[in-house]
Amino acid sequence: MKILMLMLMMVISPVLQAQESTQTPEQILFNDPATPRLGAKDARLTLVSFTDYNCPYCKQFDPLLERLVKENPDVAVVIKLLPFRGASSISAGRAALTVWQQQPDKFMALHQRMMAKKGPQDEESIDAAIAKVGLAPVKVTPESYLQLKTNVEIAEVLGIQGTPATIIGDQLVAGAISWDDLNKIVNAQLEKVKNGKG
């Protein structure tokens, strides 16, 4: 994890200065209020999930992350939307981030609905998902675009070339892994944290 933080410091620091941000790279990664989060508030282990609403592997993997936080009170997941799959990934990501900014209590329902859609998103499916969770049409904010841009910059720093990609403790896990593998890695990382090595 220290190597990840050093890499982030070197590359993200100039971006943060240009944006006149007071956040540290660690805050941007794990505790950015503009980034959706689920699970424990004071988690012993916080995973960072880079995901895309158009990615079929993300759609398989995302429910495992939800299950993980439900079953483990020591774990949280930060959701970094990464629009790798075209214009509708950007549109879906901006809509979801705007909902997170304006009505965070509705975010999870929208996130789950967009992840459940078979095939890629389009403007119609995004609008339908928003309506289905009881929201008025969303007027995306400029901040939602800046957040996606920051997520892309972070992914570039970390060498992420596809979704899903998940930071679990001191590991960057590429792709969708099984429930058993996810549990194994999470438990090993929790053990490191418990022993003061994380």
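Helix α4 (residues 87-102) has 16 residues and should span 22 Å at 1.5 Å a residue, and its end C-alpha atoms lie 23 Å apart, which agrees; the expected span is 1.5 Å times one less than the number of residues. Helices (H or I, at least four residues) and strands (E, at least two) are DSSP runs, numbered from the N terminus. The model is predicted: local features need pLDDT of at least 70, side-chain atom pairs count only at pLDDT 80 or more, and totals for chains, interfaces and linings use all residues. Residues are numbered from 1 along each chain as its sequence is written, and side-chain values use heavy atoms, with hydrogens and water left out.

The axes of α4 and α7 come within 8 Å and cross at roughly 115 degrees; axes are lines fitted to C-alpha atoms, for helices over the stretch in contact, with angles from 0 to 180 degrees between N-to-C directions. In α4, Ile90, Gly93, Arg94, Leu97, Thr98 and Gln101 meet Pro142, Glu143, Ser144, Tyr145, Gln147 and Leu148 of α7.

Helix α7 also lies across β2, β3, β4 (165-168) and β5, at about 105 degrees to β3. Five strands form an open sheet of mixed pairing in the order β1-β3-β2-β4-β5, pairing being at least two DSSP bridges between two strands. Strand β2 (residues 45-51) pairs with β3 in the parallel sense over seven bridges, and Leu45 stands opposite Val75 in β3.

Notes. Contact means heavy atoms within 4.5 Å.
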